[in-house]
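User: I have a model open and would like to go through its packing. Could you take me through it?

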Amino acid sequence: MKVKGVISEERITLPEMKGQLAQVEARRLDAEQEMSYELRQSIEHANHLSKTSAEQSRDLVDKLLTLEKMKPDIAFRIANIMPQSRDELRAIYAKERYTLTGEELDAILEMVITHL
C-alpha cells in the first residue's frame, strides 16, 4: 500500500492507538476482510505494551504538560512507557540539554503511579 499524502496528524498515546486498532480490527472482521501482517503485528504490539487505559494515559499527558520542563513529545513518551524508577525516567530525558532534580523526578513518578 502506497501512501499518497498525509491528511492530518495528531499525537496519541499507545492505549489510545490500541483502541483505534481494535475498531479497525472489528470492522475488518465484520466485513470478513483479511488483516495484513503489519496490522496484526501492530495490534499485538499495542495490546502487549499498553499498561493503562486510554483515558488515564491522556489524563497523565495533560497533567505532565503542566510541569515546567515538560515537552509534548516527552509527555507522550512517559505516558507510553510508564516508567517505574528514576533510572527509567532519566533514560527518557537522556537526550535533553537539562537534567531534572530528584524532586522533579519523584513528582513525575508519583503522577505515573497514580495513573496505573
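Predicted model: local features only at pLDDT ≥ 70, side-chain atom pairs only at ≥ 80, totals over all residues.

User: How many residues are in the largest nonpolar core?
Analyst: That core has 19 residues. Those with the most contacts inside it are Leu60, Leu64, Met70, Ile78, Leu89, Tyr93 and Ile108.

User: What does Ile108 touch?
Analyst: Leaving aside residues up to four places away in sequence, Ile108 is in contact with Leu64, Leu67, Met70, Ile78, Leu89, Tyr93 and Leu100.

User: Which residues does the second core include?
Analyst: The second core is separate and consists of six residues, among them Leu14, Leu39, Ile43 and Ala46.

User: Changing topic: is His115 buried or exposed?
Analyst: His115 has a relative accessible area of 6%, and because this is under 20%, the residue counts as buried. His115 is placed in the segment after H6.

User: Which residues does His115 touch?
Analyst: Beyond four places in sequence, its contacts are Thr52, Gln56, Asp59, Leu60, Lys63 and Met82.

User: Now Ala54. Where is Ala54 placed, and what does Ala54 touch?
Analyst: Ala54 belongs to helix H3 and is partly exposed, with a relative accessible area of 24%. Not counting residues up to four places away in sequence, Ala54 touches Pro15 and Glu16.

User: What separates the C-alpha atoms of Ala54 and Ile12?
Analyst: The separation is 9.2 Å, for two residues 42 residues apart along the chain.

Terms used: Residues numbered from 1 in each chain as written. Heavy atoms only, no water. Core = buried A, V, L, I, M, F, W, Y, C linked by side-chain atoms within 4.5 Å. Buried < 20%, exposed > 50% of the residue type's maximum accessible area, 1.4 Å probe, protein only. Contact = heavy atoms within 4.5 Å. Helix = DSSP H or I, 4+ residues; strand = E, 2+ residues; numbered from the N terminus.
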